[in-house]
Amino acid sequence: MADTALTIPRRSPLSHAADRLAAATRTSGGAVRLAELPFLAQVNVRLDAKGAAADAVGLALGLQLPLEPNTVVRAGELTAVWLGPDEWLVVGPTGGQRDLESRIRAASGDEPVAVTDVSAQRTTLLITGPRARDLLAHGCPLDLHPRIFRAGCCAQTTLARTQIVLVARDEPKAGFWVLVRSSFADYLTDWLLDAAAEYV
Amino acid sequence: MLLIPCPWCGPRDEAEFHYGGQAHVPYPEDSAALTDEEWARYLFFRDNPKGPFAERWSHAAGCRRWFNAVRDTATNEILSVYRSGEPRPDNSTRPGLWAGVLQGGSGGHNPPTAPQSSTDPAGSGTAAPVSGRGGLGEETTPVATQPFRLPTGGRVHRGERLRFTFDGTEYEGFRGDTLASALLANGVIEAGTSIKLGRPRGIFSAGVEEPNAVIQIEAPFPEPMLPATTVELYDGLVASSLPGQGRLATEPDPARYDAVHAHCDLLVVGAGPAGLAAAAAAARSGARVILADDRPELGGSLLGSGELLDWAEEIGALLEVAPEVSVLRRTTVFGHYDDNHLLAVERRTSHLGAEAPEHVSRERVWRIRARRVVLATGAHERSLAFADNDRPGVMLAASARAYVNRHGVLPGRRAVVFTTNDSAYAAALDLAAAGVDVAAIVDTRPEPGEWARRARESGIEVLSGHAVVGTEGDPRLTAVTAAPYGESAGTREFAADLLLVSGGWNPVAHLFSQAGGKLRYDDTLGSFVPGTCRQAVEVAGSANGVLDLARVLAQGAAAGARAIEAEGYASEAPRLPEVTAEPHSPAMRVFLVPGPAGAPRFVDLQRDVTVDDLTRATGAGLRSVEHTKRYTTAGTANDQGKTSGVLAGGVVAELLGVDVSALGTTTFRPPYTPVSFATLAGRDRGALHDPIRTTALHDWHVMHGALFENVGQWKRPWYYPQDGEDMETAVLRECAAARDGVAFMDASTLGKIDVQGPDAAVFLDRLYTNMMSTLKVGMIRYGVMCHLDGMIFDDGTVIRLAQDRFLVTTTTGNAAAVLDWMEEWLQTEWPGLRVHCTSVTEQWATVALVGPRSREVLGTLAPALAVDNDSFPFMAWRDTTVAGVEARVCRISFSGELAYEINVSPWEALALWEALYEAGAPFGITPYGTETMHVLRAEKGYPIIGQDTDGTVTPHDLGMSWAVSKKKPDFIGKRSYARADAVRPDRKHLVGLLPEDPGAFLPEGTQLVADSVLPAPPVPMLGHVTSSYRSAALGRTFALALVKGGRDRIGERLYAPVGDRLVPVTVASPVLYDPEGARRDG
């Protein structure tokens, strides 16, 4: 099955919007940069943070699942995003979801750990540039000041009229990931491009 | 917008949360042991206290955790939050987030400042050059077209001439003018007629409080009812006066509107002396400060008085370079809500006229969350109720002063001043210095004091102990009559084209009051001033009832310093300017001025409310200002009674013979000034008004001509008309393809939830009415979910993926609600269950492949799958490859036909869909939409939750007793089926209806009655039609209906009133097509 998958043309939720995102990036002169990061591996992990599985899964992934609410932990190509006191989203490079899922399952042994491939549930928008915060502030009620929403912070919140997972990447210049439900991605793209009108 | 502190994520906007009702009401351990009354008490009864109340909340748009909060139901304050399962804390105090909440500013907190000696000419009595007090350089331009414009002085740019049109006449003004000041410069003071009486009215003020000069902008974009006193002049402006009411534009507004969220340690509202001092004290501390002011220039009242403008400029420059300070000009803070959430509107491009750039929003709503707020909103001058006080030429004294000092405009040539207090004297002196002939100052006070001496020294006559008792003019004022206060004899008449009025000052306490602040009456001011407030708000300056400039500055600086120190920053004493100590004589409290009978004394100019109107109100027995307001409409116009509210209260108090302090004020509600709907809507209009959710196959549907139906936020293909087909023809064709050949549909919108854990089966047994734990891995079961009252809430299929893992599907519209429901029970009632639920709705795209030829199509594309009925039976699922795409194929049918649901990754859904389209072509494969789906399922009597049910329908009512387990000890809703109400014989059952005329169509919602003749009302109703279609398979119309005792009526004839006809129908089984189920296996 896996060998045939490569021959199937894949379409990400925003593949048809790539041109518009690139055009906005270009005309803004880099003030805002918008792009979809399609097909990232995303695995939802539910486990007891105080149980034995937390450490075992951390070891298997090579990163500690963040226990501090609304923070991410990054190691190598993997990012673990805190979603709740017993819930994380592990994000990795394209195609890695099977491997991630099986490593986590193997590490959790008999502990009641839930692992779900959600790679297609949300797509990822990368928003960078000096006006990235200003752009998000048009629709996100969170305080995004760099002193408050620092690098390594994340939040499940709302942007415009849709829910998102917002991640502040490692350094201020690296901007934000906006993870949005695939069915809302078109709406959010239209909204972002409209909100970006003043910066382009 | 409340700020609710999630125990995990910290404070977030209320909009991220769901309310879950009273906390600590556990599900009974043994519900079967409860009496009906006890069960009803658990089900329906909740406490409703005033004060602290423990309730459940879910951080629905965040970490999805349920938690408990103690909320004060009287104030909405969240007193404490704690995690689910934890006991309610004993002392319900505000958490640290709100520690140290400030009391509202009080007038007594004024560090003494030593007044410095000064050479300020304002008080010296000599005619000082106007340009020395706030003029913009030495631009001297002859202004032949603006006869009332001074050659120098003011904040206008005489080099920038702007042409504008008012009531069809072209005029010229300058950059820096308002429409009102430009009109006055051209000698135009009349700016409209009143709404009820049609009396001519003139420019009355110089700010947002304007009741008269409310005009219509005609070009470049039409906008109704803007105060001319707040409209910045631009080239090409076309405006007209109004008869008290505007006209909405008939063309769409092409401008953009937007919103932005902002956060700060300190928000200072108002950039007058107090606000500038407050912001200056905080500017360099590192605290995040926002200073908002509704004018284009900082300075507030200083712009009108012409004082301290160098200092204002210096502070402006300081704020400009401070890295964490934002100054918002042209920004009106119009609402002050819970937890220091304030809304402001910034006018960004209106003043640019036709040059406004298209890509910049015209107006912007700022949604500001401030840790601390300093309100330095100033004060509005109050008018007096004297005879004929509404002629054009009657103007508030400080406003006339502002036209001279801010705009270099004389509002008239010869003025009389009518006052009860000191402040009008400065206006009189400034006007005199600018060249106005001040005929007299009429002061109600018998001993007006030092200011009167100064006026007399300047050659102005002061009539102490006098009042204005009448005016003349047609329409503009030509004469003013004064008499000793309270007497009609001894009158004197003055020729004048301007009458300046000052009845005292009203602090602008609107925002403070909206924030929950309590006002108190200040006797020396004769008005209401801020008292205490539970929010972190201070009021400074004249908004706090302080009118002395030195004290205003000191109070502002102190308030700014206190606010940021409370947030942990070090304040800095700002440089405050030297201010001359001015003499002060107490004001006299006057509202009502006696006058000749028959002459109207206006209280509310914009609503044409007079003293006589208020007298009728009190005569009718009304005793509260809230009631007199509603009886007379005083204070309800779009100026919201800014100049008239306290005056009306004062008049009513006099009429009732009580003290004005006992009456209080009417309630202040947002917005402080009118805000257009377009601005409030911002970006949320047109296509962005509500999110549109689409599936991975959406583009294909669009390309193939689908029309769409909104299902929740989803766009679902409704039907695919071909070659000009109407809906009926297209749906009959699609139905026929599904019944006779093969058809396919995008079913990706169904909600999908992955349920994992060792206790997953136990959990689902408790949630669904039927048994899920006995389902075998590899198989599928249909299930029904009910609320505690036993009424159906959702339905769908449950797939057992593994011993400890299920995939649950929900209806399209209910996916989020079902997941919330699951989490609520898991987190609050059954935390011991080892189960986790994860939404995977968009992880899978689903294609329904339906029809007798569907097996052949699937077989072609899934060579590894044994598709024969024995190998792949009904309600089984298989993992395989379809058209090279990894797929999970389920044998589910929502049509009664042989059918499959093929689930694949949405990334590959288009490849699958196109492969099916190609492989099915020889069989005439037909894409179908929701309408065909509805017909097919209705022919089989399958209900749609939310269409055939309405929250009052049990599974038994639908004829689904088979889906209600009798073996399970308990499940949600079970106890309710034993209630008397659930076993009534006349409950409404789902039945089929066949109109006797097979072509007659019953609209959904049609009522059903027993007799062929309608009896006299009330007509007993037996039920109503829930679904109604034309069926290709049955060759006739049919309907589903909820009918009282319906299953016992099968075969009976009922009547359906449609229009004025009673259509005879026969009650039938809901399963009208293939009742023996022969088609399911192909």
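These legends accompany views of a predicted model.

**View 1. The fold of chain A.** Chain A holds six helices and ten strands. Its radius of gyration is 17 Å, close to the 16 Å that the globule rule gives for 200 residues, so chain A is as compact as a globular protein of that length. The C-alpha trace spans about 55 × 45 × 30 Å along its principal axes.

**View 2. Burial and contacts within chain A.** Of the 200 residues in this chain, 61% count as buried. Take the contacts in chain A with a separation of 6 or more: 60% of them come from residues 24 or more positions apart.

**View 3. The surface and charges of chain A.** The chain carries 20 positive and 22 negative charges.

**View 4. The contact of chain A with chain B.** Chain A brings 67 residues to the contact, and chain B brings 66 residues. Between them, the two chains bury about 5,500 Å². Carbon and sulfur atoms account for 48% of this buried area.

**View 5. Three residues on the chain A side.** Which residues of chain A lose the most area to chain B? They are A:Arg11, A:Ser183 and A:Glu198. Together, these three make up 12% of what the chain A side buries.

Methods
Residues numbered from 1 in each chain as written. Chains lettered and ligands numbered in written order. Predicted model: local features only at pLDDT ≥ 70, side-chain atom pairs only at ≥ 80, totals over all residues. Heavy atoms only, no water. Helix = DSSP H or I, 4+ residues; strand = E, 2+ residues; numbered from the N terminus. Rg over C-alpha atoms; globule rule 2.2 N^0.38 Å. Buried < 20%, exposed > 50% of the residue type's maximum accessible area, 1.4 Å probe, protein only. Contact = heavy atoms within 4.5 Å. Lys, Arg positive; Asp, Glu negative; His and termini not counted. Charge placed at Lys NZ, Arg CZ, Asp CG, Glu CD. Buried area = accessible area lost by both parts, 1.4 Å probe.
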